[in-house]
Amino acid sequence: MKPSQFNYVRPTTLDEAIAALAAANGDGKIMAGGQSLMPMMNFRLLSPSLLIDINRIKELDFLEEHEGGLRIGALTRHHTLETSATVNRLFPVLTETMAHVAHLAIRNRGTIGGSITHADPAAELPLMMLLLEARITAVSPRGKRVIEAPDFFVAALTSDVQEDEIVTEITLPALPAGAGSAFEEVARRSGDFALAAVGVVLTVEQGRATHVRIGVMGVGDTPMRLHDAEAVLMGQACDEQTLDAVVAAVRAAVQPDGDLHASGDYRRHLVGVLARRVVKTAWSRAEGQV
Ligand SMILES: Cc1cc2nc3c(=O)[nH]c(=O)nc-3n(C[C@H](O)[C@H](O)[C@H](O)COP(=O)(O)OP(=O)(O)OC[C@H]3O[C@@H](n4cnc5c(N)ncnc54)[C@H](O)[C@@H]3O)c2cc1C
């Protein structure tokens, strides 16, 4: 199918883009990589009267170390995140994850700002935002606001970004010293959206977990941090009894729907299997064994 007719502008500054979006009065859409927006327009799920192409706004395209963490411009491509040595040094779990996002051609165009604003429940970057405790900056004629990741993902395909706002940057705070991390997903084919995925960040001191983050996606309308499962692992050793308890807590916390690709029961089973594996891998990495 073809999209409905629309007007197109390609500003070179953020101020011009903000003004164009405001002038569209709710009927404009930002286009970044276009990898989700264009299919939705072609299917006529969206019919904006104005497209504001932000690809020439250089001030949105940056990646820099900041206080041991990262500042990431909204226009940073998936492929840049995947291949950046700085990302790999500071957030190896992000490097590990990015290879699972779609296919190389899509990763060459798709952007972090577009992925998180689109908020697909089975997308990897929204889960990473929760796991890495991201803060997301959005600007509009009303000013600038910073949104914490748990407040950002509202529902399936719905983020907290308002119709006159542009996401400009994502800040990832430094990980705790000595943190181990890991990510795994299951998809039916390489490059497909995941049936389920789990990410973990943890620290270990004297054989016991001292900091635990467990995030999942593909098993609800939004990615989720599983605080009950995190509490089960905190202060414990990584033995089979504890892992069984973590897996049970993970499965108890999710209520996945079934669809053409997998039943809800299968997804719940899967997320437990992945959680066990990912906790073990992150633990080994925290202890320097991998
Ligand atoms: C075949 C296929 C397979 C895919 N598989 C996966 C996958 O496995 N995992 C995955 O995570 N993704 C997958 N994707 C999606 C891909 O990662 C997209 O690139 C991403 O979701 C959207 O990024 P984009 O930059 O292309 O955004 P766009 O398509 O340009 O925009 C998406 C939405 O975000 C808004 N937007 C974009 N940038 C901003 C901004 N800075 N401020 C405010 N609003 C903004 C747009 O208005 C639009 O509503 C797949 C896509 C395709 C076509």
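**View A. Thr111 in the loop between α6 and α7.** In this predicted model, Thr111 sits in the loop that links α6 (104-109) to α7 (112-118). Its relative accessible area is 2%, so Thr111 counts as buried, the cut-off being under 20%. The side chain of Thr111 reaches the backbone nitrogen of Gly114 at 3.0 Å. Not counting residues up to four places away in sequence, Thr111 touches Ala32 and Gly33, and also Ala74, Leu75, Thr76, Arg77 and His78.

View B. Strand β2 (residues 28-31) and strand β3 (residues 50-53) run parallel and are joined by four bridges. Gly28 has Leu50 of β3 as its bridge partner. Together with helix α2 (residues 37-42), β2 and β3 form a right-handed β-α-β unit.

**View C. The largest nonpolar core.** This core has 40 residues. Those with the most contacts inside it are Leu94, Ile116, Met128, Met129, Leu132, Ile170 and Leu172. Helix α8 (residues 124-131) supplies the largest share, six residues. The core lies between domain 2 (58-172) and domain 3 (180-285), because both give residues to it.

**View D. Surroundings of Ile170.** Neighbours within four places in sequence are left aside here. Ile170 is in contact with Leu70, Arg71, Ile72 and Ala74, with Ile112, Ile116 and Met129, and with Ala134, Arg135 and Ile136.

Conventions: Residues are numbered from 1 along each chain as its sequence is written. This is a predicted model: local features need pLDDT of at least 70, side-chain atom pairs count only at pLDDT 80 or more; totals for chains, interfaces and linings use all residues. Side-chain values use heavy atoms; hydrogens and water are left out. A nonpolar core is a set of buried Ala, Val, Leu, Ile, Met, Phe, Trp, Tyr and Cys residues joined through side-chain atoms within 4.5 Å. Buried means under 20% relative accessible area, exposed over 50%, partly exposed in between (1.4 Å probe, protein chains only). Helices (H or I, at least four residues) and strands (E, at least two) are DSSP runs, numbered from the N terminus. Domain bounds come from an automatic or database domain assignment. Contact means heavy atoms within 4.5 Å. A polar contact is a pair of N or O atoms within 3.5 Å; within protein, one must be able to donate a hydrogen and the other to accept it, and residues adjacent in sequence count only if both atoms are side-chain atoms. Two strands pair if DSSP finds at least two bridges between them. A crossover is right-handed if, with the strands pointing away from the viewer, the path from the first strand over the helix to the second runs clockwise.
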